[in-house]
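Good morning, and thank you for joining. Please look at the model on the screen while I go through its helices, strands and pockets.

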Amino acid sequence: MRVILAPDKFKGSLSAPEAARHLAAGLRSANPALDLELVPLGDGGEGTVDAATAAGFTRITTTVEGPTGRPVEADFAVRGATAVIEMAAASGLHVLDGGTPAPLTASSFGTGQLVRAALDAGCTEIVLGVGGSACTDGGAGMLAALGAKLLDGKDRPVPRGGGALAAVSRIVLETLDPRLAGTRFTLASDVDNPLLGPDGTAAVFGPQKGATRHQVEQLESALERYFRVLSNELGMHSVDASNQPGSGAAGGVGFAALAVLNAERRPGINVVMELTALEQRLPGAAIVVTGEGSLDHQSLRGKAPVGVAAAAELAGVRTLAVCGRTTLDDSTLRGAGFDRTFALTDLEPDTARCMSHAGELLEQIGATIGMELAAARKEETSLV
């Protein structure tokens, strides 16, 4: 009996590969005969590089500029001519210096440095996963790292960060790394917000990055100026990109990727399932077990477990979900494609203890699933 284990991370507790290993340990303890395939996933944000390396990509570590300028070590993954870059590793909230938000000054420069490192590694196809960013700079930092020049009215370089874009008067793109022209970019993102306006990146995501109401207004105004200056260079292509779903992803890095790097936006889980060849693995499996730390209404908007369930349904394979907790009722969970859902909080109601003992609890759930599969197989055999 073949079982596929395809969880996403349990944020704050376990990476996706760790979650898959704990589930596997529990299943094997109860049913050693199972044929287990571990396919840890991500949705384009944190954990995407882990998913790629688990699928056979090579992890490369390099030092880049963090969101506030402090050097950080960031990983990306390479297989052949394809690179997988996780923006959060270089420009994410979790690598902020001291964990202190910097809504006006945080930059995507380090993400651009990761792109350059991928180009240096000979890559001509780059997947850019953009979840978990700390900046709202419209991707200006990323473009600067790739050779663009952002200048003020006196032809001086504009400082890093979204707030400084209020002073930009000219953007020179002729100095961009020439290798970009021969590189295909995929923007892995589930965010469908535009760059500007009430549904734009500053208004919707700025407060999550520590911006006050006044700072949101500053960022919106600065991004609008940046957009207009860039449109002087790119014309209607820039205007079209600013309104495309996903241009507001990662503080506007989505806009820079779409407008300047000519990226194609795709749902993160679809990209990761392709990288891991999950859909090709599904036919003939008895079940697939997926999950993440919290199954909630956000999960229904294209997060990894729901994407897995949809792919499994097409292959005629049942899906079980495991999670730290869920805020969804049984009917909604079944509607999302999960035959059954197991929550760690059902075993340990104390949230703090649940998070600190997530691996042990996942093994208990894995053992339960393993025993139920053994019982089902025994019943099938007796009927024959």
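**Covered helices**

I begin with helix 10, residues 268-276, which is mostly covered, since 7 of its 9 residues are buried. Buried here means under 20% relative accessible area, exposed means over 50%, and partly exposed lies in between, with a 1.4 Å probe and protein chains only. Helices (H or I, at least four residues) and strands (E, at least two) are DSSP runs, numbered from the N terminus. This is a predicted model, in which local features need pLDDT of at least 70 and side-chain atom pairs count only at pLDDT 80 or more, while totals for chains, interfaces and linings use all residues. Residues are numbered from 1 along each chain as its sequence is written, and side-chain values use heavy atoms, with hydrogens and water left out.

The buried residues of helix 10 include Ile 269, Val 271, Val 272, Met 273 and Leu 275. Ala 277 follows helix 10 and has a positive phi, near 55 degrees.

Helix 4, residues 109-120, has 9 of its 12 residues buried, so it is largely enclosed by the rest of the structure. Among them are Phe 109, Leu 114, Val 115 and Leu 119. At 1.5 Å a residue, helix 4 should span 16 Å, and its end C-alpha atoms are 17 Å apart, which agrees; the expected span is 1.5 Å times one less than the number of residues. Just after helix 4, Gly 122 takes a positive phi of about 90 degrees.

**Strands**

Which strands pair with strand 9? Strand 6, residues 125-129, runs parallel to strand 9 and is joined to it by 5 bridges; two strands pair if DSSP finds at least two bridges between them. Val 127 has Thr 186 as its bridge partner in strand 9. Strand 10, residues 264-266, also pairs with strand 9 in the parallel sense, over 3 bridges, and there Arg 265 stands opposite Leu 187.

Elsewhere, strand 12 (residues 318-326) and strand 13 (residues 340-343) pair in the parallel sense over 4 bridges. The chain passes from strand 12 through helix 13, residues 330-335, to strand 13 in a right-handed β-α-β crossover. Right-handed means that, with the strands pointing away from the viewer, the path from the first strand over the helix to the second runs clockwise.

**Loops with positive phi**

Most residues other than glycine have a negative phi. Asp 155, in the loop between strand 7 and strand 8, has a positive phi near 60 degrees. At 46% relative accessibility, Asp 155 counts as partly exposed. Asn 262, in the loop between helix 9 and strand 10, has a positive phi near 55 degrees. At 52% relative accessibility, Asn 262 counts as exposed.

The largest pocket holds about 1400 Å³ of space. Of the 43 residues that line the largest pocket, the closest to its centre are Lys 11, Asp 43, Gly 132, Gln 298 and Lys 303. On a 1 Å grid over the protein atoms alone, where a 1.4 Å probe fits, a pocket is an open set of points with protein on both sides within 12 Å along at least five of seven lines, and lining residues have an atom within 4 Å of a point. Grid points are joined across faces, edges and corners, and a volume is the space filled by probe spheres set on the points.

The second largest pocket has a volume of about 260 Å³.
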